[in-house]
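Here's a quick briefing to read with the model open in your viewer.

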Amino acid sequence: MEHIIGIRIINLDEVDSTNEYAKRIAPSSPEGTVVVAGKQTLGKGRRGRKWASPEGGLWMSVVLKPEVDAADMPKIVFIGALAVVDTLQEFGIRAGIKWPNDVWVDGRKICGILTEGKLGKFVVLGIGLNVNNEIPEELKEMATSMKLILGREVDLGRVLKILLGNLDRWYRSFLKDGSSVISAVKERCFVLGRRVRVVEDGGELIGQAVDIDESGALILETSKGSVRLFYGDVSLRF
Ligand code: ADP
């Protein structure tokens, strides 16, 4: 079977942000185009937060052109998270998904995912995975890397190759049946069943995370009843 993801790979030594670059080329690029950079000078998280992206990590974005609407955006994020969890598994690392857009190992963040796009035109799926890169001092308490976990450097090219294969598989699964992605995330999401604190613009919310529904929203049971949380809105803390 022909792969969709990785049909074209653009390798850059340095870029502002692979997501920004991918958005610039998306209108004239085929679906499955991948942008990989040695480092990002303006790597970003949600809502303009910074993503540290020094040399040695895997900083990449994929251009996707699925015929889907805004309601499917969370599922595109999940495709990234699932593919990263499976990739880490290949290296003997057990990881879990922190809804909605992070992958964690042993209580620390190893990967962040950021989707952006133009509705009806394209979606850019950005993945930042700490591989051999140094973790900045201020993030040492909450972040980790494959190198720190394994105690050795890993072949970045091999990580990319495995990740592209896994992304392709999950993307096909999503195109066939979006709910397969949701059920897979539920199995790997360590937030479910836990008490979480939600940091929102308007304040904070405490509750028990009980489910992820068909739209990808996290269902929280609070003292005032059940609440649906959407990707983009919130950051979870334990
Ligand atoms: P969150 O999901 O934590 O609310 P984002 O998804 O927007 O936040 O990711 C940005 C945050 O991730 C930053 O504010 C910082 O705390 C953390 N971070 C930045 N760079 C890295 C990195 N290379 N590895 C792990 N965590 C990082």
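This is a predicted model: local features need pLDDT of at least 70, side-chain atom pairs count only at pLDDT 80 or more; totals for chains, interfaces and linings use all residues.

What follows covers the overall build, the sheet, the cores and a handful of individual residues.

Residues are numbered from 1 along each chain as its sequence is written, and side-chain values use heavy atoms, with hydrogens and water left out.

**Overall build**

- The chain's secondary structure comes to 5 helices and 12 strands; these are DSSP runs, numbered from the N terminus, with helices being H or I of at least four residues and strands being E of at least two.
- Along the principal axes, the C-alpha atoms fill a box of roughly 50 × 40 × 30 Å.
- Buried residues account for 52% of the 238; buried means under 20% relative accessible area, exposed means over 50%, and partly exposed is in between, with a 1.4 Å probe and protein chains only.
- The accessible surface is about 11,300 Å², and 49% of that belongs to carbon and sulfur atoms (Shrake-Rupley method, 1.4 Å probe; for residues, only the protein chains shown count as cover).
- Of the contacts between residues at least 6 apart in sequence, 63% join residues at least 24 apart, where contact means heavy atoms within 4.5 Å.

**The sheet and its helices**

- An open sheet of 7 strands runs in the order E1-E2-E3-E7-E6-E5-E4, with mixed pairing; two strands pair if DSSP finds at least two bridges between them.
- Strand E1 (8-15) and strand E4 (96-98) are the edges, and each has a single partner strand, so one side of each is left without a neighbour in the sheet.
- From one strand to the next, the twist averages 20°; axes are lines fitted to C-alpha atoms, for helices over the stretch in contact, and angles run from 0 to 180 degrees between N-to-C directions.
- Strands E6 (residues 108-118) and E7 (residues 122-129) pair antiparallel over 8 bridges, and Ile113 has Ile127 in E7 as its bridge partner.
- Helix H1 (residues 18-25) packs on the sheet, touching E1, E2 (33-40), E3 (58-64), E6 and E7, and its direction makes about 145° with that of E2.
- Helix H2 (residues 73-90) also packs on the sheet, touching E3, E4, E5 (102-105), E6 and E7, with its direction at about 35° to that of E7.

**Nonpolar cores**

- The largest nonpolar core has 58 residues, and those with the most contacts inside it are Met60, Leu88, Leu129, Met146 and Leu167; a nonpolar core is a set of buried Ala, Val, Leu, Ile, Met, Phe, Trp, Tyr and Cys residues joined through side-chain atoms within 4.5 Å.
- H2 gives the most to this core, with 10 residues.
- Leaving out residues up to four places away in sequence, Leu167 touches a set that includes Ile5, Met60, Val62 and Ile79.

- Ala95 sits in the loop between H2 and E4 and is buried at 18% relative accessible area.
- Ala95 and Val105 are 10 residues apart in sequence, with their C-alpha atoms 4.8 Å apart.
- Lys98, in strand E4, counts as buried at 7% relative accessibility.
- Beyond its neighbours within four places in sequence, Lys98 is in contact with Trp104, Phe190, Val191, Leu236, Arg237 and Phe238.
- The Trp99 to Pro100 peptide bond is cis, with omega near 0°; Pro100 lies in the loop between E4 and E5.

**Backbone and terminus checks**

- Arg47, in the loop between E2 and E3, is not a glycine but has a positive phi near 50°; Arg47 is partly exposed at 49%.
- Asp106, in the loop between E5 and E6, is another non-glycine with a positive phi, about 50°, and is exposed at 69%.
- His3, in the segment before E1, is partly exposed at 44% and touches Gly165, Asp168 and Arg172, not counting residues up to four places away in sequence.
- His3 and Asp168 are 165 residues apart in sequence and 6.5 Å apart in space, C-alpha to C-alpha.
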